[in-house]
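Student: Hi! Could you walk me through this structure?
Tutor: Happy to, let's take a look together.

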Amino acid sequence: MVSLSEFHQVQKHLKQQNRKQGKHDFAFNGLIRCGHCGGAVCGEKKTVKLSDGRTNVHFYYSCANSKKTCVRKVVNEATIERQISQVLETLAVPVEFIAFAKQVIAHWKDEEMQNREAVKQKQAEAIQGLERKRDKLLEMKLNDLLSDAEYREEKEKVQAEIVVMRMSQQQSHEDTDALWESIENAAVLLHYGQAFFEGGNAAMQHLIAKTLGATFVLTDRSLAIELSPVFGRIAQLKSELGADMQKSIGAEPVPERENEAENSFQSQQNAPLDGERLVWWNILDTTRTALRSSRLAIPNFMPNNAS
Ligand SMILES: [Zn+2]
């Protein structure tokens, strides 16, 4: 297990190594479009010689101007970083949110398992019905009610239906398993996102920005970020309901009482959720709905095998 501080040390080391080798990876290449021409916005390095002989290196982004129609206005890399970091700050949730998310997801999984059993039962019955139909076809053929060709054609149709039914059963399981993972990964990103982004290397920054944003458009010197449907809904929800929540961010985590761990979400549900938990619940429920309809997968941002 890698702690957050170890993670930051590794990232810092990688950055220093890159700097020594004179390398600089542009985190936002491939993400930003130009607001004037729609072309790609790319990172560039500029070395400026100072009057005292020292050199200053600047990293900035501008339109690649592939259509030769753009006036090249540049924006500093640091400005883009700051802007994305601010978005992550508005999305931030307290660390306890992650444990709460795990409880809720476990509860949803239970519910889904019960549904799954019912669906499985129905599908098994449907498959049995199709198998009976197939047997019946054979009987008809043997009684000369169907020609060989007719029999083969009908049998193939039934077989195909059976295969489709088995596949759809498998597929829906895989889809929901991926959904639970994505919700948990989203919870981690909401809390740790800003720390991971600020301490992360270019690849990490790219991945976070890509996960957050549907579009990044640079017009002159200002970047417009449109969040992806999932995070857009969360941001909206947080601005509507988040007053309680904002207070507790940055506050020390409340130590869990011993019996609290045993308090499954199920029993919490019998008691009404308090203000903050209700907001959390809404965020998770929104995340579930948005992820389900967008079919977007949120990657796991936890460093290595940390959990
Ligand atoms: Zn352009």
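Tutor: Let's begin with a pairing: strand 1 and strand 5, residues 213-219, run parallel to each other and share three bridges. Keep in mind that this is a predicted model.

Student: Which residue stands opposite Arg33 in strand 5?
Tutor: That would be Val217.

Student: And how many strands does that open sheet have, and in what order?
Tutor: The open sheet has three strands, ordered 1-5-6, and the pairing is mixed. Strand 1 (32-34) and strand 6 (222-227) are at the edges with a single partner strand each, so one side of each has no neighbour in the sheet. From one strand to the next, the twist averages 25°.

Student: In what sense do strand 5 and strand 6 pair?
Tutor: They pair in the antiparallel sense, over six bridges. Leu218 has Leu223 in strand 6 as its bridge partner, and Gly213 has Leu227 in strand 6 as its partner.

Student: What about the hairpin, how many residues lie between strand 5 and strand 6?
Tutor: Two residues lie between the strands, and Asp220 in this hairpin takes a positive phi near 50°.

Student: OK, what's the pairing in the open sheet with the order 2-3-4?
Tutor: That open sheet is formed by three strands, and its pairing is antiparallel. Its edges are strand 2 (41-49) and strand 4 (75-76); each has a single partner strand, so one side of each is left without a neighbour in the sheet.

Student: How many bridges join strand 2 to strand 3?
Tutor: Nine bridges join them, with strand 3 covering residues 55-63 and the two running antiparallel. Within strand 3, Tyr61 stands opposite Gly43.

Student: Switching to helices. At what angle do the axes of helix 2 and helix 4 cross?
Tutor: At roughly 160°, and the axes come within 8 Å. Helix 2 is residues 77-91 and helix 4 is residues 148-199.

Student: So are they roughly parallel or roughly antiparallel to each other?
Tutor: Helix 2 and helix 4 are roughly antiparallel, because angles over 145 degrees count that way. Their crossing is left-handed.

Student: Which residues meet there?
Tutor: From helix 2 you have Ile84, Ser85, Leu88, Glu89 and Leu91, and they meet Leu190, Gly193, Gln194, Phe197 and Glu198 of helix 4. Sorted by class, this contact of helix 2 with helix 4 has five nonpolar, three polar and two charged residues.

Student: Where does Asp177 sit?
Tutor: Asp177 is in helix 4.

Student: Buried or exposed?
Tutor: Asp177 counts as exposed, because it has 12 C-beta neighbours inside 10 Å, and the cut-off for exposed is 12 or fewer.

Student: How far apart in space are Asp177 and Lys109?
Tutor: Their C-alpha atoms are 8.8 Å apart, while the two residues are 68 residues apart in sequence.

Student: Now Thr287: which helix does it lie in?
Tutor: Thr287 lies in helix 9, residues 275-294.

Student: And why is Thr287 counted as buried?
Tutor: Thr287 is buried because 24 other C-beta atoms lie within 10 Å, and 20 or more is what burial requires.

Student: Which residues is Thr287 in contact with, leaving aside neighbours within four places in sequence?
Tutor: Thr287 contacts Ile183, Ala186, Val230 and Ile234. Also, Thr287 and Ser182 are 9.1 Å apart in space, C-alpha to C-alpha, with a sequence separation of 105 residues.

Student: Last topic, the whole protein. How many helices and strands?
Tutor: The protein has nine helices and six strands. Of its 307 residues, 18% are buried.

Student: What share of the contacts with a separation of 6 or more comes from residues 24 or more positions apart?
Tutor: Those residues account for 70% of such contacts in the protein.

Technical notes
Residues are numbered from 1 along each chain as its sequence is written. This is a predicted model: local features need pLDDT of at least 70, side-chain atom pairs count only at pLDDT 80 or more; totals for chains, interfaces and linings use all residues. Axes are lines fitted to C-alpha atoms, for helices over the stretch in contact, and angles run from 0 to 180 degrees between N-to-C directions. Helices (H or I, at least four residues) and strands (E, at least two) are DSSP runs, numbered from the N terminus. Angles under 35 degrees count as roughly parallel, over 145 as roughly antiparallel, 65 to 115 as roughly perpendicular and the rest as oblique. A crossing is left-handed if the near helix is turned anticlockwise from the far one by less than a right angle, and right-handed if clockwise. Two residues are in contact if their C-beta atoms, placed from the backbone, lie within 7 Å. Ala, Val, Leu, Ile, Met, Phe, Trp, Tyr, Cys and Pro count as nonpolar, Asp, Glu, Lys and Arg as charged, and the others, Gly among them, as polar. Two strands pair if DSSP finds at least two bridges between them.
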